[in-house]
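Student: Could we go through this model together, with one question at a time?
Tutor: Gladly, let's have a look.

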Amino acid sequence: GFDRESYLSALHRVPRYSRDKVNAFMNFLKKLAVFISELSLTNLKLAGAILEQQRMAETLRKSQQEYRNLFENAVVGIFRSRLDGSQLLEVNQALCNLLGATREEMLTESVAIRWADPSAREKMINQLNKDGTVTNYEADLITKRGEIRHCLVSVKFYPQEGFMEGTTIDITKRKRAEEALSKSEERYRLITDNITDIILTT
């Protein structure tokens, strides 16, 4: 049967809390639920930020790779150097081929020694300091074998970084063709002048 004494004894052993304590505990549970919810949201935002950072890093890596491919496969010479000409910082294979030197040789040499006329380089640098860019500047460069190559140099100066970047196009064949044409025209003029003189004196 029902043991009333045991029931009452057990009931007295059950902890009793005041309404204030119960309300305080419920408020704590509510705050805990809000904290857990905000923490989950923060974690989601953090995960999203990490994914976005990873995507940006991958995009940057691809851009750098594309730039490197363009740099290495360009048919014109491309370089980056100190403004004072003391050092080449980067050079592509086309420019190495143009000057007949290896990349290692190019990167350990002074840029200035490749100019046949140092004053021409000084003039270009003065223009670069003034305007920030120089386009299609005619320059004679010396190859490793001592040959002169007629070139068009275009450069842009980056003052904050302290270097300039540019391209070099070999126009030696064009210059020789122009010189040959000029000589041919001069010979033709001399011939026609002589013929005219002969006709007039006969």
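Student: Which residues are in contact with Thr 168, leaving aside its neighbours within four places in sequence?
Tutor: First, a note on the source: this is a predicted model, where local features need pLDDT of at least 70, side-chain atom pairs count only at pLDDT 80 or more, and totals for chains, interfaces and linings use all residues. Residues are numbered from 1 along each chain as its sequence is written, and side-chain values use heavy atoms, leaving out hydrogens and water. Thr 168 lies in strand S5 (strands are DSSP runs of E, at least two residues, numbered from the N terminus). With contact meaning heavy atoms within 4.5 Å, the partners of Thr 168 are Val 76, Gly 77, Phe 79, Leu 95, Leu 98, Leu 141, Cys 151, Leu 152 and Val 153.

Student: Is Thr 168 buried or exposed?
Tutor: Buried means under 20% relative accessible area, exposed over 50%, and partly exposed in between, with a 1.4 Å probe and protein chains only. Thr 168 has a relative accessible area of 4%, so the word for Thr 168 is buried.

Student: Which residues of H5 are exposed on the face turned away from its buried side?
Tutor: Helix H5 spans residues 118-131 (helices are DSSP runs of H or I, at least four residues). Its buried residues are Ala 120, Arg 121, Met 124, Ile 125 and Leu 128. They cover an arc of only 140° around the axis, which puts them on the same side of H5 (the arc is that of the directions from the helix axis to the C-beta atoms). The face turned away from that side carries Glu 122, Lys 123 and Lys 130.

Notes:
Expected span 1.5 Å × (residues − 1).
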